[in-house]
Amino acid sequence: MAPEDADQGLAQKIFYFHVPIALTAYACFGWGAYKALLLLWRKEERYDLESYVAVHQGTIFGALTLATGSIWAKASWGHWWLWSENQLVLFLVLFLFYSAYFMLRFSIEEGPRRANISAVYALFGIVLVPVSFLAIRLAENVIHPTVFTLDGPQMTGTMFFTFCVAWIAVTALAYALYRVELLGKRLDSNLRELREALTT
Amino acid sequence: MTYLADVATLARKDLRLELRARDTLPAMLLFVISTFVVFHFALPAGADEAAAQGLLWVALVFTALLGLARAWAPERESGALEGLTLAPCDRSAIWLGKSAAVFVFLTAIELVALPAFAAFFAPVDLSTVGGVLLANVGICAVGTLLAAMAAASRTRELILPLLFLPLAIPLVVGGVGASISEEAPRFLAFLGLYDAVFAILCWASFEYVVSE
């Protein structure tokens, strides 16, 4: 069992949710951008749905990151929201950016044009991550606890082990959700094609 | 060289259209001045100059947004974008020409807006002017591409701010930093970096936005 944090006590436990969820959200956005690149490269229709589902999962995990981060900030610093918290602000920007992705996607008629535009926008997102991070870093003074530094993780062995287990679990959850949603969406589109074929 | 000639022709077309119709520029100009007046009443009495400098950047971003919403209107209204994409020129030239035209519009507006800001609120120093010019490049590059995306959607003008503002946040950070920070060169360098990264990305990806 991971020991309690000497400084933050029980509140630190949310770390095992918050950080893996955040990393998983990044992974989903990255995966979505990778599939978007493949779509533009190879022009295969299936990548469009894969990219969309990954971005969708990323946005859900991004919202969860905002929620857990906000709870942690309240427990640790006594405020629901701190602008001086780099990662939370970054997630807010990304959340707004990817929310617009859905509005854009659903206001364009289905077809190759929509797939292309969604893909280009998803690629913008992955470039926006480091640029926004740099901007937010430049904009303020740093008080976010930096657990992972260049000298390796700043925590004890059991804490790191617990963290890794949590990380693997959240990533596996995200992957399972990704497969389930993809399956559902594919079924949906196959069904629609079938119905169209039957009516004509 | 033909590439640059194509870009110049396309940009000149937009400038000529604007000179004849005079739709966008007067609207942007009136908008930015009205915004300044609103800000005067929004700022509490005794607010410091740094707050006013921040508002300058809000005004510039929203004015740019107004212009960008109209950027592809001539093409859309006459269905000319299909014709342009069929023309025997590189499609990125269409984006570059449009960006150049929007850049000229925005800079023209700022030639009036910055002196007006200096008269109304606080003096404008050289690093602010540098920041404005660098931010213009980023605004035009990213904004023109996003406006082309928005033009393809049903919601058009409604969706453009939602697409544009999250991407404009780094520009505002860089611009405000250049205006009020002691370390202005760092923020100017950041704006330059943003311009380079996103200009390349837009240049490379525009083709996919207009093609089927």
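## Chain A at a glance

Helices and strands here are DSSP runs, helices of at least four residues and strands of at least two, numbered from the N terminus. With that in hand, chain A of this predicted model reads α-α-α-α-β-β-α along its sequence. That comes to 5 helices and 2 strands.

As for its extent, the C-alpha atoms of chain A fill a box of roughly 70 × 40 × 30 Å along the principal axes. Chain A has 200 residues, and 34% of them count as buried. Take the contacts in chain A between residues at least 6 apart in sequence: 77% of those join residues at least 24 apart.

## The largest nonpolar core

Now for the greasy part. In general, nonpolar side chains in soluble globular proteins tend to be buried together. The largest nonpolar core in this model has 114 residues, and the members that touch the most others are Ala147(B), Met149(B) and Leu160(B). Helix α7 of chain B, residues 126-152, gives this core its largest share, at 16 residues.

Which residues does Leu160(B) contact, once its neighbours within four places in sequence are left aside? They are Leu65(B), Leu68(B), Ala69(B), Leu146(B), Ala147(B) and Ala150(B).

## How α6 and α9 of chain B cross

Helix α6 of chain B covers residues 91-120 and helix α9 of chain B covers residues 184-210; they pack at about 110 degrees, with their axes 8 Å apart. Angles from 65 to 115 degrees count as roughly perpendicular, so α6(B) and α9(B) are roughly perpendicular to each other. Their crossing is right-handed.

Who meets whom? On the α6(B) side you'll find Arg91(B), Ser92(B), Trp95(B) and Leu96(B). Facing them from α9(B) are Cys202(B), Trp203(B), Phe206(B), Glu207(B) and Val210(B). Sorted by class, this contact has 6 nonpolar, 1 polar and 2 charged residues.

## Where chain B touches chain A

How many residues of chain B are in contact with chain A? The count is 26 residues of chain B, against 26 residues of chain A. On the chain B side, the elements giving two or more residues are α7, α8 (160-180) and α9. By class, that side has 17 nonpolar, 6 polar and 3 charged residues.

A couple of these helices have come up already: α7 of chain B also supplies the largest share of the core, and α9(B) also packs against α6(B).

Note on methods: Residues numbered from 1 in each chain as written. Chains lettered and ligands numbered in written order. Predicted model: local features only at pLDDT ≥ 70, side-chain atom pairs only at ≥ 80, totals over all residues. Core = buried A, V, L, I, M, F, W, Y, C linked by C-beta atoms within 7 Å. Buried ≥ 20, exposed ≤ 12 C-beta atoms within 10 Å, placed from the backbone. Contact = placed C-beta atoms within 7 Å. Axes fitted to C-alpha atoms, helices over the stretch in contact; angles between N-to-C directions. Parallel < 35°, antiparallel > 145°, perpendicular 65-115°, else oblique. Left-handed = near helix turned anticlockwise from the far one by under 90°. Nonpolar A, V, L, I, M, F, W, Y, C, P; charged D, E, K, R; others polar.
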